[in-house]
Amino acid sequence: MALLRQEVDPSEVGLDPKVLDRMDQYIAHEVEAGHLPGYLVSVARGGRVAHLTTHGHRDVAAGLPVEPDTLWRLYSMTKPVTSVAALLLVEEGRLGLDDPVARHIPSFAEPRVYVSGSGRDMVTRPADGPVLVRHLLTHTAGLTFAFYGTHPVDALYREAGLDSSVAPGTDLAGTVDVYASLPLQFEPGTEWNYSVATNVLARVVEVVSGQSLDAFLAERVFGPLGMPDAGFCVDDAQAERLSELYGERAGGGIEPVAGLPLRGGRPRFLSGAGGMVAGAHDVHRFAEFLRGRGELDGVRLLSPGTVDLMTRNHLPGGVDMRTFGSRPAHDEPSKDGLGFGLGVSVVIDPDRTKAPAGKGTYGWSGVATTTFWVDPEHDVTVQFMTQVRPRSSHALYPEIKRFVHEALAR
């Protein structure tokens, strides 16, 4: 266990403490109104934590407060971590961004693309080209999620039992083979569609490295970066620090809901797309590693050029996700003005985003209303942690971003 601590007064690093106090009041009101159980928010500038607040409960019924060492289900905030794992292998020359996925996962050897129809009447055709590793990293592979429910291929995912993105009774390898057996929604590289692609990428990491995903990340990322609570399950000592997961009631308020199973030992299915648990200290360390362009406290995992490549827009023509894609990302409030890099969203047009941000700001969020971002223009990293699965896009993210941006006094 490691605790995140405030290291400097906000004003010493050019942040307005009065604005940050107003941010705390705003989020605390959401707790008192019954929209959130509790939360943690941290803001760091120049690598030093200048604002750290906890409020409310990690378990409402038990009266247990949110504390700096509380553990959180990251869900899709796992994706940037898995992406870093893949980029480590790219730097070592063991994996190429333009490798056909079938080179490492043979079940992807003959992808087919949706043409028309649905169910038994669905018409498909052979894909013009292979699914590439870069397609997985950029969500342009043609894969999808079962829960969207707006495309005939989505229905095939549900029929295959992929409602939670895992094929019943299988591990990561088995689930990925099920994905490969289903048609792609579109020709690889021609659209952006948030999907199960990062699970496929996680399996590529396993095959290329010869290690399970959890072992690879523990050895190559969590250990070197000093992320002691990061992983895919919690032990008995950690379990008491794990936040309860809540969902929004249809009539208002929140209630406990079943979430990612983290107790009971190592899971059979290691989700590189959404399986991680971590504490605020771990998330801060990962964000600072990216802010440092691949280096943290003298430990370098990636070259500056690789992190620059990861955190720039890779959508063709420099367009945003709204232009290139047809689906909303359930972990992002808006695609306007946001491009997509290798595992992270990237602000390419601050004037079009729903919240103020420096150009080049990057990060990602999780479905339990967790988020982190790095703003290189202002040398800032931010995280917000709670545990509520919202029924619709949460309004908190743009408001928090507005407060942080306003607090940048210089």
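This is a predicted model: local features need pLDDT of at least 70, side-chain atom pairs count only at pLDDT 80 or more; totals for chains, interfaces and linings use all residues.
Residues are numbered from 1 along each chain as its sequence is written, and side-chain values use heavy atoms, with hydrogens and water left out. Local features need pLDDT of at least 70 and side-chain atom pairs count only at pLDDT 80 or more, while totals for chains, interfaces and linings use all residues.

**View 1. R22 and E406 form a salt bridge.** A salt bridge is a side-chain nitrogen of Lys or Arg within 4 Å of a carboxyl oxygen of Asp or Glu; by this rule the count comes to 22. Between R22 and E406 the N to O distance is 2.6 Å. R22 lies in helix α1 (residues 17-32) and E406 in helix α12 (residues 396-407), so the bridge ties together parts 384 residues apart in sequence. Helices are DSSP runs of H or I with at least four residues, strands are runs of E with at least two, and both are numbered from the N terminus. R22 is partly exposed, at 37% relative accessible area. Buried means under 20%, exposed over 50%, and partly exposed in between (1.4 Å probe, protein chains only).

**View 2. R22 and E406 belong to a network of salt bridges.** E399 and R402 are also linked in this network. E406 is partly exposed, with a relative accessible area of 39%.

**View 3. R266 forms a salt bridge with D214.** Their closest N and O atoms are 2.6 Å apart. R266 sits in the loop between β8 (254-256) and β9 (277-279), and D214 in helix α7 (residues 213-225), 52 residues apart. R266 is exposed at 51% relative accessibility, whereas D214 is buried at 18%.
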